[in-house]
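Please prepare a briefing on the structure shown below, with the domains, the sheets, the chain contact and the nonpolar core treated in turn.

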Amino acid sequence: MSDSIGACLCPQCDVLVRAADLSQDQLSACPRCGVELDRGTYASREAALAVAAAAAELWILMNAFPLVALTLGGERRQTTLSGAAVALGTHGMPLLALLVALTAIVAPGVEIGLALYVLGRVDALARSGVLGRAVRWFRTVRRWSMVDVFMLGCLVSIVKLANLAQLVVGPALWACAALLPALAFLNLYIRPQRLFGGFGDA
Amino acid sequence: MLDGSNLALGQRTGLALCRGCLEICEIGDRASTRCRRCGELVHARIPRSLEKTAAYLAAAAILYVPANVLPVMHSSSVLVQQDDTILSGVVYLFGSGSWPLGLLVFVASIMVPLLKILSLGVLVWMSARRSREHPLARTRLYRVVDFIGRWSLLDIYAVTMLVALVRMDAVASVQPRLGALAFAAVVVLTLLAAQSFDPRAIWDPVDGDDRCL
C-alpha cells in the first residue's frame, strides 16, 4: 500500500497491485484477499484541518466538564473524565487508572495533536522528511485511542444507575459523542495513501 | 487467483511493506531495512510473529479465568453488600429491562474475548503447521478479530464510571475489584496478540515460498 512506485503491496496477503486512481467514495480492494487498500476521499486539507481544530476543542470540553452527575440519598456526585481515572487510582487500582487515562484521555489527545500538526503544514513537513514519522506515530496512537468504546461504557453505567438514582448527562459526554465523527473523519484523511499520493489536490 | 503462482508478490520481488507508513521498501534478501519515509525498521514479515502471538494468547487465556470468576466490583449500600462479576453484571442488565444493552455487554465482554483467543489460536496453529486450507476465510477471520477486539474494554469503562460516581460513603459506594484488572489485562493481551500476528503467514504456505517465517 504505497505510491512511491505507483503500486500497493497488500498488507495481508503480500500481493503487489498497481495503485488505482480513485474518485470520491470509490474503494480499491486487494484482488486476492479483498482487504481495502485505498479509498477516494473528496475532503480538502482545509476541511480536514477545520475538523481537527473542532476535535481539539471537543477534546478540551470532554476533559474540562463533568461527564455525568448523579443524585442519590440527597447527595450529589459528579465526575470528569480524569476524575474517573483518578478514582480508580485512589481505590487501589493504579494500573487500571493508567489504562483508562491512556486510552480515553492521552491517546485521543495525542491523535488530535498530531492531526493538527500534520494538516497544518503538510508541505513543509513533507519537504523536511518529518511527515512519514508523524504519520507513523498517528497510526500507532490511533490504535489505542478508544473514545468510542469509552462512550458506550459510559452509557452502560448510566443504564445501570438509572433505576437507583437521578442522573444528569454532563457537557463532557455530549462533547465525547460529537468527537466520534470528527475522529472518524480525521482517520479518513490522515492516511499514507492520501498524504503521500501527491498533495497537489489537497 | 488464490494460489499466488502467477502473482507478483512482495517476497518474490524483494519488496516489503513498511507497517508504519505503508511505504514499499526494497529489502532484497536482507533481514531488515530502514523505511526511507518514516524511519521504521522494516521486515519482510513481523519477526517471530507466531511465537509472540502464541505467548500473548497463552497469557490472555490464563487470565481469562480470574477475569470471569473474580468479582470486578463491589457495591455496598445501607441495605446490601454485593460482589459483581462480569456475568452477574450482564444478568443485572437483562433483569432490569435493558436486554439490548445486556446483550451488548455479554457479546463484548464474554463472547468476544473468548472467541478472539480461540480464533487467533486457530490462526497461529494453522500457520505454524503451514496449512494451505481456507486462506481467504482465515484472513477474513483475522480482520474481524482485529476490528472487534477493542470493544471489550467497554465493561472496564463502565466500572470506572460507577466507581467515580457512586461514592456516597454512608449511603452507597462502588469499589473496583481484582477481576477488573485481570479482565483489562485479557483485553490488552488479546489486542497485542492480534497486532503481532502477521496475516501474511496465512498466505506464505499457499504461495509455496519457504523463505519467510
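In this predicted model, the C-alpha centres of domain 1 of chain A and domain 2 of chain A lie 30 Å apart, where the domain bounds come from an automatic or database domain assignment. Local features need pLDDT of at least 70 and side-chain atom pairs count only at pLDDT 80 or more, whereas totals for chains, interfaces and linings use all residues. Residues are numbered from 1 along each chain as its sequence is written, with chains lettered from A and ligands numbered from 1 in the order in which they are written.

**Domains**

- Chain A is divided into domain 1, covering 1–40, and domain 2, covering 44–197.
- For chain B the assignment gives domain 1 as 1–44 and domain 2 as 47–207, and 33 Å separate the centres of these domains, taken over C-alpha atoms.
- Five residues of domain 1 of chain B are in contact with six residues of domain 2 of chain B, contact being defined by C-beta atoms, placed from the backbone, that lie within 7 Å.
- On the side of domain 1 of chain B that touches domain 2 of chain B, there are two nonpolar, two polar and one charged residues; here Ala, Val, Leu, Ile, Met, Phe, Trp, Tyr, Cys and Pro count as nonpolar, Asp, Glu, Lys and Arg as charged, and the others, Gly among them, as polar.

**Sheet of chain A**

- Three strands of chain A form an open sheet in the order β6-β5-β7 with antiparallel pairing; strands (E, at least two residues) and helices (H or I, at least four) are DSSP runs numbered from the N terminus, and two strands pair if DSSP finds at least two bridges between them.
- The edges of this sheet are β6 (75–79) and β7 (166–169) of chain A, each of which pairs on one side only.
- From one strand to the next the twist averages 15 degrees, with axes fitted as lines to C-alpha atoms, for helices over the stretch in contact, and angles running from 0 to 180 degrees between N-to-C directions.
- Five bridges link β5 (residues 68–72) of chain A to β6(A) in the antiparallel sense, and Val68(A) has Thr79(A) as its bridge partner in β6(A).

**Sheet of chain B**

- The open sheet of chain B has four strands in the order β6-β5-β8-β7, with antiparallel pairing.
- Because β6 and β7 (167–168) of chain B stand at the edges with a single partner strand each, one side of each is left without a neighbour in the sheet.
- β5 (residues 73–77) and β6 (residues 81–84) of chain B pair antiparallel over four bridges and form a hairpin with three residues between them; the bridge partner of Ser76(B) in β6(B) is Gln81(B).
- β5(B) is also joined to β8 (residues 172–176) of chain B by five bridges, in antiparallel fashion, and Ser77(B) stands opposite Ala172(B) in β8(B).
- Helix α6(B) lies across β5 and β8 of chain B and runs at about 140 degrees to β8(B).

**Contact between the chains**

- The contact takes 52 residues from chain B and 53 residues from chain A.
- On the side of chain B that touches chain A, helix α6 (residues 154–165) of chain B gives the largest share, nine residues.
- By class, this side of chain B has 34 nonpolar, eleven polar and seven charged residues.

**Nonpolar core**

- The largest nonpolar core has 123 residues; such a core is a set of buried Ala, Val, Leu, Ile, Met, Phe, Trp, Tyr and Cys residues joined through C-beta atoms within 7 Å, and a residue is buried if 20 or more other C-beta atoms lie within 10 Å of its own.
- Ala55(A), Leu179(A), Leu186(A), Tyr157(B), Ala180(B) and Ala184(B) touch the most other members of this core, and helix α7 (residues 178–196) of chain B supplies the largest share, twelve residues.
- Leaving aside neighbours within four places in sequence, Ala55(A) is in contact with Ile112(A), Leu179(A), Ala182(A), Leu183(A) and Leu186(A).

Definitions and conventions:
Contact = placed C-beta atoms within 7 Å. Buried ≥ 20, exposed ≤ 12 C-beta atoms within 10 Å, placed from the backbone.
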